[in-house]
Amino acid sequence: MTYYTVNHCTYPEGLTCMGTKACTKRSYERVKAEIKFTMDRLTNLFNSLAGSKVPLVRGVETCIVVSSPIRSKQPAKIIGLRGESPKVNKRHEMLEFGNSRNAKAWGSRRIHSTAFICRKGSSLTSSKDALLSGFAGIEQLQNLKLAIKENTKINNLSEIMSDPEYLITCWTKIRSKKGSLTPTFEKNDTLDGINEEWFKKTSRTFRNGIFQFKPAQRTYISKSNGERRPLIMPSPKDKIVMEGMRFLLELIYEPEFSEKSYGWRSKRGCFTALGQIKIHFGGTRWFIEGDVSQQFSTINHKILAEILSEKIKDQPFIDLVFKYIKVGFGKRLDEIQPMNTGIIQGGNLSTMLANIYMNMFDQWMEKELMPRFNKGIRRKANPEYTRMICEGKAMNKMIQTGLGDDDQFKRIRYVRYADDFLVGVIGSKKDCESLRDEIKRFLADRLKLILNIEKTKISHAVLDSAKFLGHRIHMTELTKMPLKYNSEGVLTRRSPRLVQDAPLKEVVQKLIEKGFAKGEGQPCRNGKFVNLGLPEIIEHYKSIETGIRQFYAGANNQHRLSGRVHYILKYSCALTIASKMKLRTLSRVFGKYGKDLSIVDDKGRIIISYPSAQGTVTNSHLVAGCTPVNLIEKLSERVKKGRMDLKGQCKLCGSSEDIEFHHIRKISLGKKDWLTNMMAKTNRKQIPVCRMCHSSIHKGKYDGKGLRGN
């Protein structure tokens with residue numbers, strides 16, 4: 001048996017009797033050349049060690065990989081051989097050699113890249129840092145998509161997670177979110193200052209199975225009923241890993257999720273859920289408002305593992321999920337409590353796991369309960385209504401067109417958003433009580449969850465209303481449905497329609513609680529914003545109004561709500577400006593700044609204004625859901641931007657060494673320094689800087705585009 005020794009930082013190509021030549025792909029590539037660059041292994045990513053024996057091709061049976069410490073991304077060399085003393089003929093510096101699986105031309109010869117080959121079995125070559133082919137893990141994602149299509153168990157998730165390029169794509173997805181600069185127990189454990197080395201180091205921890213999530217910090221947020229809800233904040237850097245896990249689970253389970261589920265799903269939300277209610281809940285007589293009590297904190301780990309094992313055959317990845325759900329939390333490090341049951345509420349992965357857990361309930365509702373309850377084809381006509389129409393006299397508008405208590409016609413309509421669900425029933429109140437009890441038993445027996453009976457309300461669709469996703473949902477009263485002659489001269493009644501109203505009184509009361517109004521809704525000055533600049537004050541008020549109007553964009557009474565909210569907030573903004581600028585009255589404020597409260601700069605250009613006509617608010621959530629193909633395409637686009645950012649130059653000094661990312665929480669209006677203006681123009685909360693400039697920024701030495709000396 002013949003052995004060839006291959007240096008750890010050398011990839012020999014071509015086979016001759018003069019030197020260490022091996023691993024050529026085609027015979028015409030057997031040239032007297034040697035390409036040197038950093039490499040890790042010639043076989044499997046997870047099992048390769050220095051000194052291991054690796055099978056070769058072209059008659060060479062085995063070679064030995066010898067470890068040699070050398071920095072990665074070393075410029076490649078082409079060396080001509082003269083006997084046993086190689087002489088350098090020419091040197092080509094190559095940026096990220098092996099980044100493309102396609103061939104690259106060098107002068108008169110063509111060198112094939114040695115990209116990370118993501119497939120089962122041994123690989124011919126791979127780069128040490130696996131930063132390859134734009135994103136080499138795309139091939140693994142394609143294999144994942146094929147397994148999903150063929151409905152086979154998934155076994156390559158841990159390989160995808162161990163690719164640094166994949167982690168970079170996850171970072172680009174979450175880096176602009178508010179929690180990226182919120183520290184937990186360590187002040188430096190944020191996304192500020194993250195660099196390429198962190199992604200490489202973290203990916204290596206996946207390969208050897210030593211990655212551990214850091215304990216999360218627990219805090220509390222106030223609820224509308226005066227109680228406080230616990231909120232757990234994971235480490236910002238852990239959120240990158242959690243986003244990677246969430247994305248893979250989304251690829252697998254999104255096709256399995258029910259069409260009746262709308263919470264925490266891509267391209268779905270409150271608007272799509274309310275739209276489906278408006279379309280499919282017509283003719284409903286009763287509503288059942290369901291609420292799962294403490295859903296996150298009561299999820300059973302054993303049941304969750306059984307659900308995951310049905311689709312995933314990758315024990316390292318399932319172990320990683322368990323490391324996440326078992327991670328402790330507390331107010332301080334010395335008060336960490338392990339999670340024996342439930343999952344933390346606050347992580348981007350928790351919502352996906354909750355949807356996977358509740359999918360069993362969705363499938364049971366659709367495939368078992370609804371087919372068993374539904375019966376009949378059409379509701380029987382009401383004889384009294386038919387007699388009245390035949391006589392052509394509208395004697396009683398309260399007479400229904402169909403029999404309300406028709407035992408031969410029953411229907412269930414169902415929609416779920418997170419831990420809240422709404423069931424529309426065509427039947428009797430007794431049927432609703434029976435359905436509520438059956439739902440309660442299923443949640444307790446199969447999922448170990450508790451149905452909150454206090455919040456699970458049964459209400460009549462016409463005489464009462466159901467509250468779901470902040471809207472009052474009810475059917476139009478019969479007295480408001482006119483009896484008229486149609487084009488054929490027949491006396492008919494328009495069918496009652498489903499109505500979704502915004503709770504106007506509750507919205508006004510909330511504005512009163514926040515200090516924007518007083519009494520029964522009269523605008524007042526809000527002292528909390530007096531110390532802000534005028535652009536910030538107007539921007540804050542406008543954002544509150546836009547948020548309210550956007551949330552209730554589909555409500556039937558949206559125009560009445562918009563007028564009421566705009567009146568309160570705009571006049572409260574004017575009164576706040578009066579207090580800040582010592583103008584005392586509203587007339588002086590509008591006299592100085594105009595009816596639109598326009599703020600101008602030194603050159604007379606309008607910086608910001610608060611016009612009365614805000615226009616119609618639309619929402620982008622009213623679109624169809626994403627498919628795994630669309631998700632993979634978006635991932636491919638994100639990796640290019642992430643790699644370009646990490647490989648860019650320092651925006652302050654132009655250096656390309658030790659690039660880190662400087663993060664800010666918010667780009668404020670009116671800032672005059674060069675860095676903030678540049679970030680505002682590009683609409684970015686992060687900027688690549690070198691380590692030295694980044695340290696100077698945090699030390700307060702930054703002044704304009706340059707940096708002050710010591």
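Colleague: Let's take buried to mean under 20% relative accessible area. With that cut-off, and bearing in mind that this is a predicted model, are R416 and D362 buried or exposed?

Modeller: Start with where they sit: R416 is in strand β16 (residues 411-417) and D362 in helix α9 (residues 348-373), 54 residues apart. Their side chains meet in a salt bridge, N to O at 2.9 Å. As for accessibility, both R416 and D362 are buried.

Colleague: How far apart in sequence are E506 and K467?

Modeller: Those two form a salt bridge, with 3.0 Å between the closest N and O atoms. E506 is partly exposed at 45% relative accessibility, and K467 is partly exposed at 46%. E506 lies in helix α12 (residues 504-513) and K467 in strand β20 (residues 466-468), so the bridge ties together parts whose separation in sequence is 39 residues.

Colleague: How many salt bridges does the count come to?

Modeller: Beyond the pairs above, there's a network of salt bridges linking K173, E243, R246 and E250. The count comes to 19.

Colleague: What about the cysteines: how many disulfides does a search of the whole structure find?

Modeller: Look at C693, whose nearest cysteine sulfur, that of C690, is 3.4 Å away. A disulfide needs the sulfur atoms within 2.5 Å, so that distance is over the cut-off. C693 is buried at 5% relative accessibility, and C432 is buried at 0%. For the whole structure, the number of disulfides found is zero.

Colleague: Which residue's backbone oxygen lies 3.4 Å from a polar atom of the N526 side chain?

Modeller: N526 is in the loop between β26 (522-523) and α13 (534-551), and it's buried at 4% relative accessible area. Leaving aside neighbours within four places in sequence, its contacts include K514, F516, Y541, S572 and T576. The backbone oxygen at 3.4 Å belongs to G515.

Terms used. Residues numbered from 1 in each chain as written. Predicted model: local features only at pLDDT ≥ 70, side-chain atom pairs only at ≥ 80, totals over all residues. Heavy atoms only, no water. Buried < 20%, exposed > 50% of the residue type's maximum accessible area, 1.4 Å probe, protein only. Helix = DSSP H or I, 4+ residues; strand = E, 2+ residues; numbered from the N terminus. Polar contact = N/O pair within 3.5 Å; in protein donor to acceptor, adjacent residues only side chain to side chain. Contact = heavy atoms within 4.5 Å. Salt bridge = Lys/Arg side-chain N within 4 Å of Asp/Glu carboxyl O.
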